[in-house]
Amino acid sequence: MSGRRVVVIGGGVIGLSIAYHLAEAGVDVTLLERGTLGSGASRATADVVRSYFAGNPVSSALAVRSLDAYRAFPARPGMDLPLRQVGYLVLFTEPEQVSAFEADLPAQHAAGVDVGLIEPEEARKLNPLIGDVPLLAAAYSPDAYISDTTAIVTAYARAAEREGAALRTGCAVTAIDPEAGRVRTADGEIGADAVVCAAGAWSASLVRCAGVDLPLTEPIEQELLTTDPLPPTTPDLPVTLHAASGLLVRLRGDRLLIGMGYPGPDREAWRRDVADRLGEVYPSLAATRLHTAVTGLRDASPDRTAFIGHRPGPPAFLYATGFSGHGLCNAPAAGELVRDLYLGRDPGMDVTALAVSPRRRG
């Protein structure tokens, strides 16, 4: 594979996975990151690795493949990752939610997801903090884990370097010209046989430079909140989503980590709304104070599914972006798919659903 040089733009978990898989295959890889490794969307994550994405079997299929790769990490020296199985619980309070789940279930099972419908009583056993909300049923998937995104970023970085990849931080890309095989940075130009854009929230201008029209929405600021310390008697809980409000909670140490959509321009109003929903679903937490845990920018696509593909013709420009908050769950598969697209290998799945197309322009 000597002489084939690929530049990967973006040092989050997606870009690092791509760099590792390409370098492992013998490709000469240079990764460029504008800040520090994992400083973008990889920093603003709940550290949850799961396989079930409701209504999105394509993301689920990527996540199932990725979860298999994460589980295999301990077999690779220096890549041990913390994975604590907690399960993923989705609370349904409206008949339409149950109907949508049942309609989606065959596609989820076809994607390899272990998920099923459970009764309210079983849901309350799994999460005893649930209050007297009108719970009709719940979806439960045992394949959800609490991990450590920083550990995953570090593991991929070490593995990529061990395979010969060069990782350059503090190196922002200002322009790319795949036709000429040039990547421009503040430190000068770099030659490449191919360029991979995995720049997350900073991808839009780069893909336009390459002549690819990806319908990426504006970067979205994510904020996760945390509670004061909880009583020591608080039981272990699955990652739990209240479907009607989007309220997502999980235990992190002796506190609850909380997400609910995106803050938008009125951050204080959003925080009040989060506190109200938290008190409704979990009455014992109604008086707890909420604090900012982490913030960060996320990329997003119209259908909340990643764009993974390449410009028509030989793959001189490839992209893996628009993960819409699913990046940690999709990263290993994304690295494998970009590697296979570049090398002309069979990716083992239909990648046309991930490429840009008229149907995916929203």
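The chain holds eight helices and 20 strands, where helices (H or I, at least four residues) and strands (E, at least two) are DSSP runs numbered from the N terminus. This is a predicted model, in which local features need pLDDT of at least 70, side-chain atom pairs count only at pLDDT 80 or more, and totals for chains, interfaces and linings use all residues. Residues are numbered from 1 along each chain as its sequence is written, and side-chain values use heavy atoms, leaving out hydrogens and water.

**The whole chain**
- Along the principal axes, the C-alpha atoms fill a box of roughly 65 × 40 × 40 Å.
- Of the 362 residues, 54% count as buried (under 20% relative accessible area with a 1.4 Å probe, protein chains only; exposed is over 50%, partly exposed in between).
- Take contacts (heavy atoms within 4.5 Å) between residues at least 6 apart in sequence: 72% of them join residues at least 24 apart.

**Helix 3**
- With 16 residues (95-110) at 1.5 Å a residue, helix 3 should span 22 Å, and its end C-alpha atoms agree, being 24 Å apart (the expected span is 1.5 Å times one less than the number of residues).
- Gln 97, Val 98, Phe 101, Asp 104 and Gln 108 are the buried residues of helix 3.
- These buried residues pack against helix 2 (57-72), strand 5 (88-92), strand 6 (116-118) and strand 7 (137-141).
- After helix 3 comes Gly 112, with a positive phi near 95 degrees.
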